[in-house]
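Biologist: I would like to learn how to read features of a structure, taking the general idea and then the case at hand. Could we look at the structure together?

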Amino acid sequence: MTDAFSLPPEAAGPRLAVAAATLERLRTVPELAPRYAGLPDGVRTLDELAALPPLLKDDLNTALAHLEPRSDTAATWLFQSGGSTGAPKVGYAPTGFYMAGVHAHWPVLERSDVFANAWGAGRMWGAHFLAAALADRAGCRVIALGSITREEYPDWLAFLADRGVTAIGGTPSVLRLWFAHARAAGLELPALRKVLWLGEAWQPQLEEDLAAVAPGARRWGMFGSTETWVVGTNTPDCPADTFHPLPEQLVHAGPDGLLDFTTLNPEMLNPVLRYRTGDAGELTACPCGRPGRAMRVLGRRDNVVQVRGLGLHVDELIARAEREPGVSRAQVVITEDGGRATGVQVLLLTDPGAAVDPDALRAELLAGTFTLSTAFQHDPEHVTVHATGELLGNERTGKTAPFVVRGAPREPAATPAAATAAGEAS
Ligand SMILES: [Zn+2]
């Protein structure tokens, strides 16, 4: 069973005292205590760890509401953690955001870099601040961009080119906007070498954008969540879905193919003990040749939705739509009435100036997707494809989900706030 962990027993063993301390904290949470009753005190071996029940997002939020952790050495920051509807659920981190370990194992930023931080800042989002903490460790120059509006891209791109920006970081969907606008404006970022990303899966279309806008740039990925913080990193030599876990993060691949995470960092404020993000994955050897077990992330298990009793593979539908020339990103919007799907819309975010034929794509998607052709056999007009200037985002989490479920029929021009993100990307 121990080969299901990212660290071998001899490396994990001395650090398991942190997991044991987390277990003691969780046992003080009244709502969670019963599930740990009857289990051995302490966590001495990886087998004992694997025998503990996994934690889900709601469990962690319940624990944090009771524990209200506080850093001994720094300010304690509150960040959005989990849940896609309602009021923000809260996760905690001290200033520094545990980026010392990332900096020690991930040679991406150097003192000579000029780094544009394009992760959104504010609204209790964590990524902008952890990237800033990494830049602080590297001692490079930082341009704190945050998010900008559609009209602002050309001016900011010209500014970034003028400043000789060598590195940029953001979620892949935000990076696609940056590079699509650069391509449309004929702008290049000749000094750009490094593209840092976190928050969603890498989008292969970004390689085409980079070839046009910044041929010298390569991708550098982080994997993590607001609950676990950064779990692992990769380099341009690794596949985009494969990450090397940090030694203070213990990754476990369960027999059901789901990953769970246990912190081995004594500074960690969130009680992360067999915490499941919902990501499926496996432990593997990375083709880059770096020794040790790497983590291959196979995507989220919740990207199959039930439509009229049939499973719709949202990722397959989106992948087909995004192969269409001129489509920079696609999103599936399912409209429900009383729990029954009344319609499926595919929204296409198109590159500026691109000519895309939604009707031709619609015919192909209907013919090629068993679930759509069968479920909408008698009312195929309720499967539609639209080109749009903006996908539906979740204003609260700042993420653009691959699929969105809406309660009442609306036109595609509905405001982003009207949407409930159901398939929030990690
Ligand atoms: Zn690798």
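Biologist: Which residue in strand 11 is the bridge partner of Ala-253?

Modeller: In strand 11 the partner of Ala-253 is Leu-259. Before we go on, note that this is a predicted model, in which local features need pLDDT of at least 70 and side-chain atom pairs count only at pLDDT 80 or more, while totals for chains, interfaces and linings use all residues. Residues are numbered from 1 along each chain as its sequence is written, and side-chain values use heavy atoms, with hydrogens and water left out.

Biologist: How many bridges join strand 10 to strand 11, and in which sense do the strands run?

Modeller: Strands, like helices, are DSSP runs numbered from the N terminus, with at least two residues in state E for a strand and at least four in H or I for a helix, and two strands pair if DSSP finds at least two bridges between them. Here five bridges join strand 10 to strand 11 (residues 259-263), and the two run antiparallel. Their hairpin has five residues between the strands, and Gly-257 takes a positive phi near 85° there.

Biologist: Why is strand 10 described as largely enclosed?

Modeller: Buried means under 20% relative accessible area, exposed means over 50%, and partly exposed lies in between, with a 1.4 Å probe and protein chains only. Five of the five residues of strand 10 (residues 249-253) are buried, so the rest of the structure largely encloses this strand. In a regular strand the side chains alternate between the two faces of the sheet. Both faces of strand 10 are covered, with Gln-249, Val-251 and Ala-253 buried on one side and Leu-250 and His-252 buried on the other.

Biologist: Which residues of strand 9 point one way, and which the other way?

Modeller: Thr-242 and His-244 point one way, Phe-243 and Pro-245 the other way, and all are buried. Strand 9 pairs with strand 8 in the antiparallel sense over two bridges, one detail being that Gly-232 has Pro-245 as its bridge partner. Strand 9 also pairs with strand 13, again antiparallel and over two bridges, and Phe-243 stands opposite Met-295 in strand 13.

Biologist: Which residues coordinate the zinc ion?

Modeller: Donors are N, O and S atoms within 2.8 Å of the metal (3.2 Å for Na, K and Ca), and since water is not among the atoms, sites may look incomplete. The zinc ion is coordinated by Cys-238 (SG), His-244 (NE2), Cys-286 (SG) and Cys-288 (SG), at 2.1 to 2.3 Å. Cys-238 counts as buried at 2% relative accessibility, and Cys-286 counts as buried at 6%.

Biologist: What is the geometry of the zinc site?

Modeller: Four donors count as tetrahedral if all angles lie between 85 and 135 degrees. The angles among the four donor atoms of the zinc ion are 103 to 115°, and the site is tetrahedral.

Biologist: Is His-128 buried or exposed, and which backbone oxygen lies 2.7 Å from a polar atom of its side chain?

Modeller: His-128, in helix 7 (residues 127-138), counts as buried at 8% relative accessibility. The backbone oxygen is that of Trp-119. Contact means heavy atoms within 4.5 Å, and, not counting residues up to four places away in sequence, His-128 touches several residues, among them Asn-117, Trp-119 and Leu-145. Asn-117 is found in strand 3 (residues 114-117) and counts as buried at 0% relative accessibility.

Biologist: What is the average pLDDT of the protein chain?

Modeller: The pLDDT is the predictor's confidence in each residue, from 0 to 100. The protein chain averages 89, and 92% of the residues score at least 70. Over residues 409-426 the pLDDT is below 50, and this stretch has 50 contacts in the model beyond near neighbours in sequence.

Notes:
Polar contact = N/O pair within 3.5 Å; in protein donor to acceptor, adjacent residues only side chain to side chain. Tetrahedral: all angles 85-135°; square planar, octahedral: opposite > 155°, others 65-115°.
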